[in-house]
Amino acid sequence: MSDTLFSKIINREIDADIIYEDDQALAFRDINPQAPTHFLVIPKKAIPKLSDADEGDQILLGYLLLVARRVAAQEGLEDYRLNINNGPGASQTIFHLHLHVLGGRSFSWPPG
Ligand code: 5GP
């Protein structure tokens with residue numbers, strides 16, 4: 001297990017506003033929200049980034065999308081944006097795979 005900030009949130013060594021948890025995944029509010037609603041969905045399995053996932057993670061990766069959908073509905077979101085930053089060049093700063101879910105405002109495209 002790598003010792004990232006997100007593994008510390010999973011292990012309750014660091015506080016977070018956790019809004020969903022099950023045996024495979026956790027969702028919590030981003031500390032620096034970029035939209036009125038901004039939460040992160042993470043697997044409990046410590047995959048550093050999407051490009052480190054492999055075929056054995058197929059079910060888990062799909063499951064994370066279902067968790068994102070479930071928590072977005074729980075948060076009352078109809079339209080929302082999902083984002084995964086993969087690697088430093090894509091602005092990933094914490095190397096534990098996470099899906100950003102943003103909602104509550106309109107979003108432009110391309111994202112920049
Ligand atoms: P990344 O840039 O790696 O895709 O996203 C990391 C996200 O984690 C950022 O949006 C950042 O605001 C969030 N973050 C960083 N530190 C903490 C923290 O201690 N608690 C929470 N809840 N979010 C954090």
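This report describes the ligand site and the aromatic pairing of a predicted model.

## Basis of the model

Local features require pLDDT of at least 70 and side-chain atom pairs pLDDT 80 or more, whereas totals for chains, interfaces and linings use all residues. Residues are numbered from 1 along each chain as its sequence is written, and side-chain values use heavy atoms, without hydrogens and water.

## Surroundings of the ligand

The shell around the ligand holds 15 residues, a residue being included if one of its heavy atoms lies within 4 Å. Asp30, Asn85, Ser91, Thr93 and His98 come nearest. By class, the shell has six nonpolar, seven polar and two charged residues; Ala, Val, Leu, Ile, Met, Phe, Trp, Tyr, Cys and Pro count as nonpolar, Asp, Glu, Lys and Arg as charged, and the others, Gly among them, as polar.

## Polar contacts and burial

Polar contacts are pairs of N or O atoms within 3.5 Å. The side chain of Asn85 places an N or O atom 2.8 Å from a ligand oxygen atom. The protein buries 84% of the 520 Å² that the ligand exposes when taken alone (Shrake-Rupley method, 1.4 Å probe).

## Aromatic pair

The structure holds one aromatic pair, with ring centres required to lie within 6.5 Å. Phe6 and Phe28 form this pair, at 5.3 Å centre to centre and 75° between the planes, which is edge-to-face (over 60 degrees). Phe6 belongs to helix 1 and Phe28 to strand 2, so the pair ties together parts 22 residues apart in sequence (DSSP runs of at least four residues for helices, H or I, and at least two for strands, E, numbered from the N terminus).

Note on methods. Polar contact = N/O pair within 3.5 Å; in protein donor to acceptor, adjacent residues only side chain to side chain. Phe/Tyr/Trp six-rings, centres within 6.5 Å; stacked < 30°, edge-to-face > 60°.
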